[in-house]
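Please open the structure in your viewer and keep the selection tool at hand. The stops below each begin with something to select.

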Amino acid sequence: MRICVTGTGASLDAPIDPAFGRARYFLLVDSETLAVEALENAPGAHGAGVEAAQRMAERGVKAVITGNVGPNAFQGLSMAGIEIFTGATGTARQAVEAYQAGTLTRANSPTRGGHGRGLRT
Amino acid sequence: MRIAVASGKGGTGKTTVAVSLALALAETQSVQLLDCDVEEPNVHLFVHPEITAAHAVDKLLPQVDEAICQRCGDCVRACEFHALALLGQHIVVFPELCHGCGRCTLVCPHGAIDEVAHSLGTVETGTARGLLYGQGALDVGEAMATPIIRELKREIRPESTVVLDAPPGTGCPAIAVLRWVDIALLVTEPTSFGLHDLKAAVGVARTLDVPMAVVLNRAGVGDDQVEAYCAQERIPLLLKIPFDRAIASSYAVGIPLVDALPEWRKAFAELEEELRAVMAE
């Protein structure tokens, strides 16, 4: 199964990026082999969360592991049937291990306000 | 002449300056005062306008007919604001990201997208103390101010001197105002924050090729960095308003500065000639 971890660098040894839509890298990980495809992320000024959700859907990602997810990304990922796990820390590899061990929290709602909404937590 | 009273930083005294400038100029000419800070219009608190006309401002949002849509994704790729996404078997519209440009409707090869009006806010006009008055107001919960500012622009009376209370900051709403004025009067304060945001506003004005001058509010607090910056950049500093309890008190109860302290009328009236001189340079 293909999962995505947000990374501050292009490998599993990079620290996790706490942002989803504006993460520096999307690390697409095969959960069986741990083979990684790193996608650089350079969103425009608008709609980073939606753009990221769209990319996940196009790449057939089944689960996203990140720090926080905003309202548009949450809605987009949910509509695409992609599971969202938030609150991950440490390296991307540790986050994948935590996911496989079942210790990550599944997000049932956005964990922060979106851009321009003044709801930052 | 169209004068935008603008600032990089919020809370520097734009409304104080715009209201007093408009009232002072209105003694000798026809003046229109437009509150373009549509996210938080507050000029009305100082001039108590009588509103005689109002109209709603809409944005056209795409509405996808899922019975016709072939899920090709052309609309998704066409939208640079990512207001549409193809997720699962649905085209999902994110209304607050949509700029209402209609591109998705145009590119849809199947004619599956209609446009439906979505209310964003209102534009109101009237009079206030001999001024022509106009204001825009964004609906609560909406994020897109510029369509309302563009509608307010249509109310401009070319025969009048127009004073525009601009939105703070250097984003789209502020740019929407600055791009159709003759000069920007940038209000700032002598603090590090004031200087930082003044530099941003100066950058925008220069990019748009709008002449500018500075009003220094709360003069006496902070330091002289702003004055040094203006001198170095050759930006005329036309007026200093001191950090003064009487000025703050009148603001707090909605009394324009030139009413509370009439000795200020002359300084504001003289700004017109000074601004014309800056424009002529």
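Two strands are said to pair if DSSP finds at least two bridges between them, and helices (H or I, at least four residues) and strands (E, at least two) are DSSP runs, numbered from the N terminus. This is a predicted model, in which local features need pLDDT of at least 70 and side-chain atom pairs count only at pLDDT 80 or more, while totals for chains, interfaces and linings use all residues. Residues are numbered from 1 along each chain as its sequence is written, and chains are lettered from A and ligands numbered from 1 in the order in which they are written.

Begin with strand β6 of chain B, residues 113-128. On one side, β6(B) runs antiparallel to strand β3 (residues 50-64) of chain B, to which 14 bridges join it. It is also joined by 8 bridges to strand β7 (residues 131-138) of chain B, again antiparallel. Now select Val123(B): its bridge partners are His55(B) and, in β7(B), Gly136(B). Between β6(B) and β7(B), which form a hairpin, there are 2 residues, and Arg129(B) in the turn has a positive phi of about 50°.

Next, select Leu33(B), which belongs to the largest nonpolar core, a set of 69 residues. Such a core consists of buried Ala, Val, Leu, Ile, Met, Phe, Trp, Tyr and Cys residues joined through C-beta atoms within 7 Å; a residue is buried if 20 or more other C-beta atoms, placed from the backbone, lie within 10 Å of its own, exposed if 12 or fewer, and partly exposed in between. Helix α1 (residues 14-25) of chain B gives the most to this core, with 8 residues. Beyond four places in sequence, the contacts of Leu33(B) include Ala18(B), Ala22(B), Leu131(B) and Tyr133(B), a contact being a pair of C-beta atoms, placed from the backbone, within 7 Å.

Move on to Met212(B) in strand β10 (residues 212-219) of chain B. Met212(B) counts as buried because it has 24 C-beta neighbours inside 10 Å. Among the residues it touches, not counting those up to four places away in sequence, are Ile183(B), Val202(B) and Ile235(B). Leu237(B) is 25 residues from Met212(B) in sequence and 9.5 Å away in space, C-alpha to C-alpha.

Finally, display both chains: 14 residues of chain A are in contact with 14 residues of chain B. On the chain A side, α1 (48-58) and α2 (71-79) each supply at least two residues, and α1(A) gives the most, with 5.

Note on methods. Contact = placed C-beta atoms within 7 Å.
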